[in-house]
Amino acid sequence: MSEVTTYWQDLADHARAEHRPFFTLAPMEAVTNAIFRRVVARAAAPDAFFTEFTNAISVTHPKAKFTVQGRLYVAPEEAKMPVVQLWGNQPEAFEKAAADVKSRGYQAIDMNMGCPDSTVIKNHGGSDLIRHPEDAAAVIAAAKTAGLPVSVKTRLGYSRVDEWHDWLKFLLEQDIPLLTVHLRTKKEMSRVPAHNELIDQIVQLRDEVAPHTLLQVNGDIANYQEGCALAAAHPGVDGIMIGRGIFTSPFAFEKTPHEHSVKELLELLNYQLDLFDDFAARFDTQRFASLKRFFKIYVRNQPHAAELRNAMMETKSTDEVRQLLADSPLTK
């Protein structure tokens, strides 16, 4: 067992003391940047955040390193460093990237071995590594050279569910502190329900191969309560990762759920608009269109909500959104 495991073990120990699994927000492209991490933290924070996934090559490449600064930016007011998630298949790039992110203050690295995006796969990253385990082992070893804990997020398999045993066994043999399993294959994307029926078998495999490795599951978990119920139903699950559930409610990690007023939701949206403007000024990389995917989080299930949301989708700036909110009956 590696000595570099305290980050995840500390999280797990803290959660166990409260008789619950630990919770994380899934790394999501154009979502889990320094803007939205702060929004979720204000609403109800998980135990840990991840960055957007970042190409390991781009972290230190002379022509690309400036374009990823926004991805790696951590705001001073963030309570603690997120876990940086990297993707790719070149060991040398991971060795350089790991040293770089350590110098930035990151305390843990996660390896993306589950992304089903076609561009990532064409570049031999994400779930393509399921088909190339030798490359997966090489990049894990390379990332470890910086002395940070190196975890892995993956899927059950590439094309078939029955790939899960050999693939997860292989990853567990790599001496990692945490394995996160999205309970679907790459081929399934998110079109089928998560394969929760396999959780107990995965726990048993972990216990046999690498009992020191923490196990986190992901897929179709909407909120804290569902996560706790799933972990209770499957003893041995250490952590719960929530992804798309955050688009149902920014309060997904709330331990004691309660109703939130329209005013409270729209204040969160205005907070996100302010953070977006600051981020865009710093890095000149954020495009306003990327904000529109978030509007449904705040404006839904209320009178006039559809009308307001449709109008917001036609806006072209944060100021236009603010004006719509100020004029809306929802804010009266």
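Q: Before we look at the helices, when is a crossing left-handed, and when is it right-handed?
A: A crossing is called left-handed if the near helix is turned anticlockwise from the far one by less than a right angle, and right-handed if the turn is clockwise.

Q: Which kind do α8 and α9 make, left-handed or right-handed?
A: In this predicted model, helix α8 passes α9 in a right-handed crossing.

Q: At what angle do the axes of those two helices cross?
A: The axes of α8 (residues 164-172) and α9 (residues 199-209) cross at roughly 35 degrees and come within 10 Å.

Q: And which residues of α8 and α9 meet there?
A: From α8, Trp 164, His 165, Leu 168, Lys 169 and Leu 172 take part, and they meet Gln 201, Ile 202, Leu 205, Arg 206 and Val 209 of α9. By class, this contact contains six nonpolar, two polar and two charged residues.

Q: Moving to the sheet, what is the order of its strands?
A: The sheet is open and has eight strands, in the order β1-β8-β7-β6-β5-β4-β3-β2, with parallel pairing.

Q: Why is one side of β1 and of β2 left without a neighbour?
A: Strands β1 (22-25) and β2 (50-55) stand at the edges of the sheet and have a single partner strand each, so one side of each has no neighbour in the sheet. On average, neighbouring strands of this sheet are turned by 25 degrees against each other, direction ignored.

Q: Over how many bridges do β6 and β7 pair?
A: Strand β6 (residues 178-182) pairs with β7 (residues 214-218) over five bridges, in the parallel sense. Within β7, Gln 216 is the residue opposite Thr 180.

Q: Which strands does helix α10 lie across?
A: Helix α10 (residues 224-233) lies across β1, β7 and β8 (239-242), and it runs at about 145 degrees to β8.

Q: New topic: what volume does the largest pocket have?
A: The volume of the largest pocket is about 620 Å³. It is lined by 27 residues, of which Pro 27, Met 28, Lys 153, Arg 155 and His 182 are the closest to its centre.

Q: Which strand gives the most to that lining?
A: Strand β5 gives the most, with three residues. Both β5 (150-155) and β8 supply at least two residues each. The whole lining divides into 10 nonpolar, 10 polar and seven charged residues.

Q: How much space lies in the second largest pocket?
A: The second largest pocket holds about 390 Å³ of space. Of its 19 lining residues, Thr 248, Ser 249, Phe 251, His 258 and His 260 are the closest to the centre. By class, that lining has seven nonpolar, nine polar and three charged residues.

Q: Last one: where does Arg 322 lie, and which residues does Arg 322 touch?
A: Arg 322 lies in helix α14 (residues 318-327). Not counting residues up to four places away in sequence, Arg 322 touches Asn 270, Leu 273, Asp 274 and Asp 277. A separation of 46 Å lies between the C-alpha atoms of Arg 322 and Lys 144, which are 178 residues apart along the chain.

Definitions and conventions. Residues are numbered from 1 along each chain as its sequence is written. This is a predicted model: local features need pLDDT of at least 70, side-chain atom pairs count only at pLDDT 80 or more; totals for chains, interfaces and linings use all residues. Side-chain values use heavy atoms; hydrogens and water are left out. Two strands pair if DSSP finds at least two bridges between them. Helices (H or I, at least four residues) and strands (E, at least two) are DSSP runs, numbered from the N terminus. Axes are lines fitted to C-alpha atoms, for helices over the stretch in contact, and angles run from 0 to 180 degrees between N-to-C directions. Contact means heavy atoms within 4.5 Å. Ala, Val, Leu, Ile, Met, Phe, Trp, Tyr, Cys and Pro count as nonpolar, Asp, Glu, Lys and Arg as charged, and the others, Gly among them, as polar. On a 1 Å grid over the protein atoms alone, a cavity is a set of points where a 1.4 Å probe fits but cannot get out, and a pocket is an open set with protein on both sides within 12 Å along at least five of seven lines; lining residues have an atom within 4 Å of a point. Grid points are joined across faces, edges and corners, and a volume is the space filled by probe spheres set on the points.
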